[in-house]
Amino acid sequence: MLRTSIAFVCLCFAASADAKLGETLPQVIKRFGRSYTIESDAAGKRYRFDSEKFRVDVIVYNNVSVSETYFSDHPLAASGEPPNDIVRGVLSTNVPKARWVEIEAAPFKAGSALEFADHEHIAVLRYTEPQPEGFIWTMTLGLANSVRTLSNSTSPSVNRSVPASTATPASTPFTPSFFSPAASTPRSDFSPSASVRLEDIRAKAERGDRESEYQLGICYYKGDGVAKDFAEAVKWLRKAAEHNDAEAQSDLGACYYNGYGVAKDYVEAIKWFRKAAEQGSYVPAQTMVGLCYRNGQGVPKDYVEAYKWLLLAAARGEEHAKKSIS
């Protein structure tokens, strides 16, 4: 994952060392220029500064900037993440002398997320999903509440038709099922809005009901009706996976693949991905088996085996598989 990193729009930000969040609108305009458009946004008004050299979206609330999103066409590093020097540059430019720590990125629908020690600021990097046309990755830095609001809303500016040159590289982690930002709702009509409903599910899970084991695992992963607890999520997903539930097997593989609730372990990850893939009912697992073989994650690199699984998933409409063999 990210190793506290930023230089993105280096040409633009080299002269802005004193810039910081919380500027007034006139200060923001002075920094980025008078060429901009304005759109309404869930967190305030979005001021889009767009030129040949850079693009920055600034959310302004009560005449003060509360978040800034930078769009970069710089290639991802060999690790599959945004370049560290660029990320560091933007962080130090906007919140000087801050101490940042990595936090769980899934709630922000992002590849990586960082939080300032005061818990008031959050930085979110998106690079594991299609980006607006012409850009490879984006970074949003802002007040915690503002970033959360933005993450829960859909920006009208995002163009999901991304050229092949900006597609996510093969080395970038892909997390299927409920770990994925684009995931569908759980297969059962279950939303533990009432504790009695959650306890019904728990009671069934404790009696060995496979569906309930799976749903309880999802609840712990998402913090839906219970405190978020990845280790507890893994516990219940494992129970459902051992009962031969394909989706649970794939999601348990994703936990091992990403290090959620367990130590990252590609060998264990592909074991569970394969169990799900061989059942034939859960296509994302077939994609993951293919990617693991192509990247040599948990198994020796084997392009023939990789192509076999990716082609199988692509034939059934799985988008990541289609991109990987195109």
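Q: Which residues touch the most other members of the largest nonpolar core?

A: A nonpolar core is a set of buried Ala, Val, Leu, Ile, Met, Phe, Trp, Tyr and Cys residues joined through side-chain atoms within 4.5 Å; buried means under 20% relative accessible area, exposed over 50%, and partly exposed in between (1.4 Å probe, protein chains only). Here the largest such core has 47 residues, and Leu216, Phe273 and Tyr293 touch the most other members. At least two of its residues come from each of helices H5 (195–206), H6 (210–222), H7 (230–242), H8 (246–258), H9 (266–279), H10 (283–295) and H11 (303–315). Helices are DSSP runs of H or I with at least four residues, strands are runs of E with at least two, and both are numbered from the N terminus. This is a predicted model: local features need pLDDT of at least 70, side-chain atom pairs count only at pLDDT 80 or more, and totals for chains, interfaces and linings use all residues. Residues are numbered from 1 along each chain as its sequence is written, and side-chain values use heavy atoms, without hydrogens and water.

Q: With which residues is Leu216 in contact, leaving aside its neighbours within four places in sequence?

A: Contact means heavy atoms within 4.5 Å. On that basis, Leu216 meets Leu198, Ile201, Arg202, Ala205 and Trp236. A second, separate core holds 26 residues, including Val28, Tyr47, Val58 and Ile136.

Q: Is Leu311 buried or partly exposed?

A: Leu311, in helix H11, is partly exposed because its relative accessible area is 39%.

Q: How many helices and strands are in the protein chain, and what share of its residues is buried?

A: The protein chain has 12 helices and eight strands, and 51% of its 326 residues are buried.
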